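Here is a short report on one strand and its surroundings. Look at the structure first, then read on.

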Amino acid sequence: MPSTIWSGAISFGLVTIPVQVSSATEDRSIKFHQYHLADMGRIRTRKVCEIDGEALSQEQIGKGYELNKDQVVPVMDEELDQMPLPTARAIEIVAFVDRKSIDPIRIADSYYLSAAGAVAAKPYVLLRRALERNSKAAIAKFSWHNRERLGLLSIRNNALVLHSMKWPDEVRSPDGLAPKDTGLDEDEIAQAMKLIDSMATDDISGFRDHYREALEEVIKAKSEGEAPPAPADEEHMDTGGVIDLMAALNASVQKARESRGESGEHATVHETKPRKKTAKKTPARKASSRKPRSA
């Protein structure tokens, strides 16, 4: 069970649910340190005061807000802890919204909420079951790391999960990023939909981090004095020229079906709306004047 990183309570109207918070995810990427290549001495970052040049310990460092180039307002941790926030030690449910209205781009980190003690068990299960039977999502406010945050409550394997969310003004507008109309036809869209269907799955638990696995092999080989594994052959992807979109879609559908062990037959979608072409008139054949040979 992951360690508790925060303790507080869910505030659900007049119902209080003591909870403990633990991270729902973990970063399993391989970490590197910096070393001096000449002697492999560790390179470390020192925090140095730019006025007197003294290297400082963490205990000597505080927070400050720069009003202008010549004026900094010091802010103590004690002052931040004593701020009169109603969400200082609470996850306060403030509203319920339609789940489909939540923009995925606003979802950030996720945390498991466990009931803190026997007294929390019944209201914990009550909130979970109420959320299960309702099509609404619970929106909450809470304060962590000296700032108030917005959150979303959901359920995973009977456990309550808190997803931190970006505030509306923290999401940048995508205006101007999408290309203008490119003249797609219905056949290309239909084939793209067929490609989506051919790649559909109900389970993504089998996906692995191949980069991390390859990196582990490199580290293992070098630690044993062996040469790193040879790079795998990669398919060449041409991103500079004009492509035949329909041909690329057809080939993609064929490849997706073959990878799933399906027959590649009928993978190609033929145009249902033939393009208008000027018909060439074929001259009528003249009746032959020759007489048939006698047997």
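## Terms and model

Two strands pair if DSSP finds at least two bridges between them. Strands (E, at least two residues) and helices (H or I, at least four) are DSSP runs, numbered from the N terminus.

This is a predicted model, in which local features need pLDDT of at least 70, side-chain atom pairs count only at pLDDT 80 or more, and totals for chains, interfaces and linings use all residues. Residues are numbered from 1 along each chain as its sequence is written, and side-chain values use heavy atoms, leaving out hydrogens and water.

Strand β11 spans residues 159-165. Six of its seven residues are buried (under 20% relative accessible area, 1.4 Å probe, protein chains only).

β11 runs antiparallel to β8 (residues 107-115), with five bridges. Here Leu-113 has Leu-160 as its bridge partner. β11 also runs antiparallel to β10 (residues 147-156), with seven bridges. Leu-152 stands opposite His-163. Two residues lie between the strands of the β10 and β11 hairpin, where Asn-157 takes a positive phi near 50°.

## The nonpolar cores

A nonpolar core is a set of buried Ala, Val, Leu, Ile, Met, Phe, Trp, Tyr and Cys residues joined through side-chain atoms within 4.5 Å. The largest has 20 residues. Ile-10, Ile-91, Leu-113, Leu-127 and Leu-153 touch the most other members. β11 and α2 (121-132) are among the elements that each supply at least two residues. β9 gives the most, with four.

A second, separate core has six residues, including Ile-102 and Leu-150.

Technical notes: Buried means under 20% relative accessible area, exposed over 50%, partly exposed in between (1.4 Å probe, protein chains only).
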